[in-house]
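Dear colleague,

I am handing over a structure to you with this email.

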Amino acid sequence: MAHDLNRLTIDKQPSTPAGGTPRKRRTQIIAALVLLALVLGIWTLATRRSIEVEVATVSLVYPSQTISLLNASGYVVAQRKAAVSSKATGRLEWLGVEEGSVVREGQLLARLENRDVAAQKGQASAALSAARDNLEQAKVERTDAARALSRAKELIGQGIIAQADYDSAEARYQRAVAAVAAAQANISGAQSALRGAEASLDYTLIRAPFDGVVLTKNADVGDIVSPLAAAANAKAAVVTMADMGSLQVEADVSEANLGKVKVGQPCEIVLDALPDVRFRGALYTIVPTADRSKGSVMVKVRFLDKDRRILPEMSAKVAFLERELRQGEGTPRVGLPPTAVVHRDGKDYVFKVVKDWAVLTPVVLGGKLSDLVQVNSGINAGERIVTKPLDQVRDGSRIKTAEK
């Protein structure tokens, strides 16, 4: 038993593991991790390296652009426009329209205070009635005088009455005839006075001179309206209106290009407010005078398509076409630059830009649209595509837009 206990001793020599010291092992592990991180970093940089490319936006192209001879800019102008006012001066008592109101010719728009004029009309009407009554009285007197003259002729022929009595009867008849004529003249005068009073009353009623739309309201109830606006704070017009059927585009054409346009030439009109809509037009007239300061001549283009969205003073662009548009040419087509097309295995592709990546997308192409090529399917207008350098781009490549 004691012999066995003496054999239990502690070995004080350090033991060395098979893999080396712990410090050496830690160093090897750290080195391996650093090498792995370096390899991952290099691989990430290699796979995420951005290729600098130029991009373009797929656009909508109208076929009319290929047959356009000349482009000009101008404004929509109403050829029939009026600042509606009254011939009389008075206080605005009632206003029945506002901006945008559609009115018909002769429709009552506003009314001035007219009690004094209405009283004058009533007085003239009464005077006409009195004149007509006087005429009736004069006619009765003339009838009686005519009978008396007839009896006097019979009696003087029989020698019953003296010549003086006959002369008195004849004079009475002539006075009665003159009185009838005077009464008729008074009626004519009274009728004229009544028409004048009616006209004065009608001047206080402001009516639409033609069919149109109210553009602006220039006066409010209570304002003094004067045709000459001579008084302080007086308004010359109540409303301004325009005939929307008379809208035309007035554009300036350079003198050098005047030979490219002619009356009746087909045109296409684009309004800045409606950039996605094309309106058919025709050259209506060429104003026979030039603007010396601008070296241009004004032309007027009428709309063949009516649209309630077309408003006066809108900015417009006019394309003068070499021929009429055929059926279907008014519909926009999708177009892209030919330099963006990649041909592989007999098919056509483009690199569509999706965020920061290039995605190879198959497309079906059509004919040429000026300097673009038509796209029948595969990509939509507004999307961006890579134009160059196509030889460096692959499907899934990370890209960045070249700065210009």
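Predicted model: local features only at pLDDT ≥ 70, side-chain atom pairs only at ≥ 80, totals over all residues.

Helix pair

Helix H3 spans residues 115-157 and helix H4 spans residues 163-203. Their axes come within 7 Å and cross at roughly 165°. Angles over 145 degrees count as roughly antiparallel, and H3 and H4 are therefore roughly antiparallel to each other. The crossing of these two helices is left-handed. In the contact of H3 with H4 there are 28 nonpolar, eight polar and ten charged residues.

Largest pocket

The volume of the largest pocket is about 270 Å³. Its lining consists of 13 residues, of which Val213, Met244, Asp307, Arg308 and Ile310 are the closest to the pocket centre. By class, this lining comprises seven nonpolar, two polar and four charged residues.

Second largest pocket

For the second largest pocket, the volume is about 180 Å³. Three strands each supply at least two residues of its lining: E3 (68-78), E13 (266-271) and E16 (315-321). Strand E3 gives the most, with four residues. Among the lining residues are Ser68, Asn71, Ala72 and Ser73, together with Glu268, Val270, Lys317, Val318 and Ala319. The lining also includes Ser64, Gln65 and Arg278. Four residues of this lining are nonpolar, five are polar and three are charged.

Yours sincerely

Technical notes
Residues numbered from 1 in each chain as written. Heavy atoms only, no water. Axes fitted to C-alpha atoms, helices over the stretch in contact; angles between N-to-C directions. Parallel < 35°, antiparallel > 145°, perpendicular 65-115°, else oblique. Left-handed = near helix turned anticlockwise from the far one by under 90°. Nonpolar A, V, L, I, M, F, W, Y, C, P; charged D, E, K, R; others polar. 1 Å grid on protein atoms, 1.4 Å probe; cavity = no way out; pocket = protein on both sides within 12 Å on 5 of 7 lines; lining within 4 Å. Points joined across faces, edges and corners; volume = space filled by probe spheres on them.
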